[in-house]
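Subject: Structure for you to look at

Hello,

Here is the structure I said I would pass on. Please open it first, then read the notes below.

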Amino acid sequence: MAQCMPSLNPPKTLKPRIQFTNPSLSSISSFKTRPQSKKFMAISASVMSSQSQNQDQPRLSLDTLINSSRKDELLDPIKSSLSHCLSETNLHLTVPGLKSKIRGKVRDIYDSGDYLVLVTTDRQSAFDRILASIPFKGQVLNETSLWWFDRTRHITSNAVVASPDKNVTIAKKCSVFPVEFVVRGYVTGSTDTSLWTVYKNGVRNYCGNVLSDGLVKNQKLPASILTPTTKAADHDVPVTPDEIVKRGLMSQADYDEASRKALSLFEYGQRVALEHGLVLVDTKYEFGKGQDGSVLLIDEVHTPDSSRYWIAHSYEERFQNSLEPENVDKEFLRLWFKDNCNPYEDEVLPDAPEDLVCELAWRYIFLYETITSSKFEMPSIEEPIHDRISRNVAQALSSLQ
C-alpha cells in the first residue's frame, strides 16, 4: 500500500465511518466551471466583477471583525490558552499500533498500517518556517477542511475516512503527487513566490502563464490561473506544467485531471466565499493517487492557512484608491515578520507579539464561523489535549479494524 511522501503534508477524504466531530450542514449545489485562460489581455481600470455587484452579498465589514461582541467573548479563552497550544504531538508513544511519525509544518502524520492519522497542530508556518503557535488553530483548520471536503464531493473524491477528534482526520493511504496546485485570482502577495512579488520584479511568464504589462497590486485577473510549485527540501519552487510532466512528477493525464479539479474547486470556493461576504483570493490544493488509481484531494481545503481571504464589499473602493484590501487571513503576521527580521535568512526569529497571536486566533475562528455559518465549539479544558487526542484516536483505530 502506497505511503504518503515524508516531505509533504498529509491527505484527507470523505464519507466517514466514524461521525465527524463537527456536524455537517446542507450541501451546496454543483455548478459548471469555465475553461482556464492562460493568455491575459489588458485589464481595464475597473475590476468590479459581476459577482461583487451582487445585491444579495452580505455586508461583511472590517468592523465586524474588529469590534464584534463575539470577539470580546473569545479573547479571554484565547489568551488563557496561549501557554497550552498543541505545538507537538507524540501519538506513536501513546497509541498502540501507530508505527511512525512524520512532522510536517503544521500536521503530525502517523502510520497506523491501513490508514494515516493526521493531527493538525497549532503551529503557524510562513516563509517555510514555524513562526508561532496559535490557540485553537489546529481545530479550526481540521474542522474547516472537513466542512469543505464534505461539500466538494461533486467536484472530486477525497481521502477522509473519519474524524474522531477536533484536531484529527484519519485518511486513506495514497501516493502523494510532489506538486502543490496554487490557484490565484488576484495579483497580490508578499512572499518570494507570490504573484505580485515576481510580477513587480519583471516576470511576465510565470509557471506557464503569460501576464500582460500594466497590472497593479491586488488587481483581479480576468481568469484564475494555476501556478504550481514543487517541494524542495525546505521551500516551494515554481514550476511549469510541461516541467512537471517532463521531470516525471506526474503523468500528463494525472496533471490534467488534478489541474481541472483545482480550478473547479477554486471557482466553487470563490462562489461560496462570496455568498458569505468574502473574496477567496488564492489558495493551494494537494492531490494523491489512491490504490484504485483515482486522483484524490488531500491535505486541506480553503482554510485560513492555505488561502487568502478579503472582505468583499470594500474591495473595489479600496482598490480604486490604492489601498490594501481588508484581509481576514495571516498576511498581517507575515508582514510583521518581514518588517522586523529577514524570515528567509535569519537563523533565529523574534517572538510574535502576543496581541498579534491572539488576533490571528480570532481571525481563524471568525473565518470558520463566517463560512460555515456555525459556532466554533471551544474544546474542554478538563482533559489535557494530548490525552484527549490519544484516547480518541485509539478508540477510532480499534473500531476501524
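Helices (H or I, at least four residues) and strands (E, at least two) are DSSP runs, numbered from the N terminus. Residues are numbered from 1 along each chain as its sequence is written. This is a predicted model, in which local features need pLDDT of at least 70 and side-chain atom pairs count only at pLDDT 80 or more, while totals for chains, interfaces and linings use all residues; side-chain values use heavy atoms, with hydrogens and water left out.

The protein chain has 10 helices and 17 strands. Of its 401 residues, 58% are buried (under 20% relative accessible area, with a 1.4 Å probe and protein chains only).

T144 counts as buried because its relative accessibility is 5%. A polar atom of its side chain lies 2.7 Å from the backbone oxygen of V140. Leaving aside residues up to four places away in sequence, T144 touches V301, H302, T303 and Y368; a contact means heavy atoms within 4.5 Å.

The largest pocket holds about 740 Å³ of space. What lies nearest its centre? Among the 34 lining residues, E180, T193, D236, K330 and R334 do. The lining comprises seven nonpolar, 11 polar and 16 charged residues (Asp, Glu, Lys and Arg count as charged). Elements that each supply at least two lining residues include β9 (179-187), β15 (278-289) and α8 (331-340).

Regards

How values were computed
Buried < 20%, exposed > 50% of the residue type's maximum accessible area, 1.4 Å probe, protein only. Polar contact = N/O pair within 3.5 Å; in protein donor to acceptor, adjacent residues only side chain to side chain. 1 Å grid on protein atoms, 1.4 Å probe; cavity = no way out; pocket = protein on both sides within 12 Å on 5 of 7 lines; lining within 4 Å. Points joined across faces, edges and corners; volume = space filled by probe spheres on them.
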